[in-house]
Amino acid sequence: MAVAQHSLPVVDPGAPGRPPAPAPAHRRIVFVTPPYDRISPGYEFVREVTNQSPSLGLLHLAAEVREHGYEPSIIEADVAGLDVDGVVAALVETAPRYVGITLFTVGVWGAAEISRKLKRALPDVVIIVGGPHISSMSRETMARFPEFDVAVVGEGEEALVHLLAALEADQPLRSVPAVCYLENGEVQSNPGLPINRNLDHLPMPAWDLLPNFPEGYPAAIYDFPRSPVATIAASRGCPFHCKFCDTSTFGAKVRHYSPEKVFELMVHLQETYGVRHILFVDDLFLASKVRTRKLCEMILESGLKMTWSCTARVDTVKPDILETMKQAGCWEISFGLESGSNEILKSMDKSADIERSVQAMRWTHEAGIRTKGLFILGYPGETLETIEKTRDFIRDNPITIMNLTKFTPYPGSPIYKDLYGTTIRDDHWQKMNGMNFLWAPDGMTVDELDRHYQSILLSFYQRPRMMWYYTHLTLRYPTHLFRLARFLVKYAGAKTRSLLSGRKGVLLAADPATDLNPVDE
């Protein structure tokens, strides 16, 4: 019998006032975000202010399998302060039948080490991997890392349930949709499932499985006014094709929760956990202005006292919707501005230009909503002239906060193949976190790019206007004060060590084992 036709009953969680009976050991599954270097060497002080939100993907998967009678738990390694050995020890103590590991490219090696060590202690455990890296590079990863037993490709909720049913029934993996695995030394990939067009059918994310939620999972400093903070993805998919981006997991078709469901999630988070600010993390929160307006109307009519932030393209905002969003609690909009050079934007296939970006930021500012600018430094074609254009663009526009990412050619993205002429190379996976320069444009070195990186950030935040703004914001919302103080002390120490060591203030730690100079192709 094909597993695609196999369905498991939804389990009643138990009568009111009576906790459900614990699941047998063969139905225990632990979901893991493995430890990995989120920060490049030399920039460790950034940990004090970065985002530590939990993985929404794991929360959705845990909720889904729980409805089918499994007993899930979650390990967020970085948040818990666990290294590879710490994760292995926690897993051995739980002794699950299944372990599901979410993979970003930077975390693959750590996940493989966890799998090797865990198999020694628990030989019968089944290691299941998924996530963005697997969705774009499943065959290559399974061939390279035999430590993993099976990979779930794409959206995981339905496929994982099919896989677990097949494993329990001892059915062959070739009958399971949307998985990749090794069979007799050969990589096998099964056809996927139709995309889930109705997100409202998904169970509520399993926030209850997170210890010390939400206080133990702070968002990035100054990305919210008042804590606690939680994240929601109100949609999935992105129809655009920016060359630096990989959209393999959710695809190009945009699908939404209904406004009613999003509102239900917001109310649940406030009433159950005291959440005061929501970060909408989907790529295109404003893809449907009708849904956005309906959600805003529900917030206003209910009197729900929450602030929230979202991400939008510059071509999706207009003064009327911005005014409604502000009234409904919108505090900040993140725009993928990327560069101050139209030439760079065109080479990225951004479908936007500087003029449109400027207009969107001005409308947002006039509506009383903060603008967060997301930029990339070091993209192919970057020159001293384009860097200066970006610096001027940031200075001359009403940007309240910015993220500057170090260009990373992620496997699975179109630019990766453009640069290297292949879809996969054995190169620097452990460093692909957006905080390391792994490639430099012609005529530049990584150290030069790093100096420009620091210079742009400092020229933005050290302006008197910005220093006054953040002083006022810190005094108004003291949640940020202690994190900022720790950051500044550690930054000063790192800068001093760099100067004393003769590195002229460059913070990027030298790594003699890794060649980070421009690649000759």
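**Local geometry and packing**

Modeller: N184 is exposed, with a relative accessible area of 79% (exposed is over 50%, buried under 20%, partly exposed in between; 1.4 Å probe, protein chains only). This is a predicted model, where local features need pLDDT of at least 70, side-chain atom pairs count only at pLDDT 80 or more, and totals for chains, interfaces and linings use all residues. Residues are numbered from 1 along each chain as its sequence is written, and side-chain values use heavy atoms, with hydrogens and water left out.

Biologist: What is the phi of N184?

Modeller: Most residues other than glycine have a negative phi. N184 sits in the loop between β6 and β7 (strands are DSSP E runs of at least two residues, helices H or I runs of at least four, numbered from the N terminus). N184 is not a glycine, yet its phi is positive, at about 55°.

Biologist: Is A178 buried or exposed?

Modeller: A178 lies in the loop between α6 (157-168) and β6 (179-183). Its phi is positive too, near 65°. With a relative accessible area of 5%, A178 is buried.

Biologist: Which residue does P228 follow through a cis peptide bond?

Modeller: Most peptide bonds are trans. P228 is in the loop between β7 and β8. Omega is about 5° for the cis bond, and the partner of P228 is S227.

Biologist: Which side chain joins that of S235 in a polar contact of 2.8 Å?

Modeller: S235 belongs to strand β9 (residues 235-236). S235 is buried, at 4% relative accessible area. A polar contact is a pair of N or O atoms within 3.5 Å; within protein, one must be able to donate a hydrogen and the other to accept it, and residues adjacent in sequence count only if both atoms are side-chain atoms. The partner side chain is that of D282.

Biologist: Are α8 and α9 roughly parallel or roughly antiparallel?

Modeller: Helix α8 (residues 289-302) and helix α9 (residues 319-327) pack with axes 9 Å apart, at an angle of about 30°. Axes are lines fitted to C-alpha atoms, for helices over the stretch in contact, and angles run from 0 to 180 degrees between N-to-C directions. Under 35 degrees counts as roughly parallel, over 145 as roughly antiparallel, 65 to 115 as roughly perpendicular and the rest as oblique. That makes α8 and α9 roughly parallel.
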